[in-house]
Amino acid sequence: MQANMQDTARLHYRSSPHLTDPDHVIDFPSLEDAVAFAMTQNPGNRELAWADTASGRKLRPTEIAALWELQRE
């Protein structure tokens, strides 16, 4: 997985994986910040986060978790 961790990112939180519209959206100055937030916070009791990168890539919850693990190594 290749992602520029310094690019801006937007997190989309959903209360169900089947919902198409996000319940909550948060913009971040970097993908690194977005990943850290997604893995350590739970706004409004929503557990499922997707991220959109500045390059237009959409990261699924499993991809966010993988980036988190890579950052921690």
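The following is a conversation about a predicted model of one protein chain.

Colleague: Which elements does the chain have, and in what order do they run?

Modeller: This is a predicted model. The chain has two helices and four strands, and from the N terminus on they run β-β-α-β-β-α.

Colleague: What share of the residues count as buried?

Modeller: Of the 73 residues, 33% count as buried. The accessible surface of the chain comes to about 4700 Å², and carbon and sulfur atoms account for 47% of that surface.

Colleague: And what share of the contacts join residues at least 24 apart?

Modeller: That share is 53%, taken among contacts between residues at least 6 apart in sequence.

Colleague: Turning to helix 2, how many residues does it have, and what does it reach from first C-alpha to last?

Modeller: Helix 2 covers residues 61-72, which makes 12 residues. From its first C-alpha to its last it reaches 17 Å, close to the 16 Å expected at 1.5 Å a residue.

Colleague: Which of the residues in helix 2 are buried?

Modeller: They are Glu63, Ile64, Leu67 and Trp68. These residues lie on the same side of helix 2, because they cover an arc of only 145° around the axis.

Colleague: Why would residues three or four places apart point the same way?

Modeller: An α-helix has 3.6 residues a turn, so residues at that spacing point the same way.

Colleague: What do the buried residues of helix 2 pack against?

Modeller: Their partners are strand 1 (9-14), helix 1, strand 3 (48-53) and strand 4 (58-59). On the face of helix 2 turned away from the buried side, the exposed residues are Thr62 and Arg72.

Colleague: How many salt bridges does a search of the whole structure find?

Modeller: The search finds four. One of them joins the side chains of arginine 10 and aspartate 27, at 2.5 Å from N to O. Arginine 10 lies in strand 1 and aspartate 27 in strand 2, so this pair ties together parts that are 17 residues apart in sequence. Arginine 10 is partly exposed, with a relative accessible area of 36%.

Colleague: A change of topic: how many aromatic pairs are found?

Modeller: One pair is found in the whole structure. Phenylalanine 28 and phenylalanine 37 form it, with 5.3 Å centre to centre and 50° between the planes, a tilted arrangement. Phenylalanine 28 counts as buried at 13% relative accessibility, while phenylalanine 37 counts as partly exposed at 24%.

Colleague: Lastly, where is serine 30 found, and is it buried or exposed?

Modeller: Serine 30 is found in the loop between strand 2 (24-28) and helix 1 (31-40). It is buried, with a relative accessible area of 6%. Leaving aside neighbours within four places in sequence, serine 30 is in contact with Met5, Gln6, Asp7, Thr8 and Ala9.

Note on methods
Residues are numbered from 1 along each chain as its sequence is written. This is a predicted model: local features need pLDDT of at least 70, side-chain atom pairs count only at pLDDT 80 or more; totals for chains, interfaces and linings use all residues. Side-chain values use heavy atoms; hydrogens and water are left out. Buried means under 20% relative accessible area, exposed over 50%, partly exposed in between (1.4 Å probe, protein chains only). Contact means heavy atoms within 4.5 Å. The expected span of a helix is 1.5 Å times one less than its number of residues. The arc is that of the directions from the helix axis to the C-beta atoms. Rings of Phe, Tyr and Trp (its six-membered ring) pair if their centres lie within 6.5 Å; planes under 30 degrees apart count as stacked, over 60 as edge-to-face and the rest as tilted. Accessible areas come from the Shrake-Rupley method with a 1.4 Å probe; for residues, only the protein chains shown count as cover.
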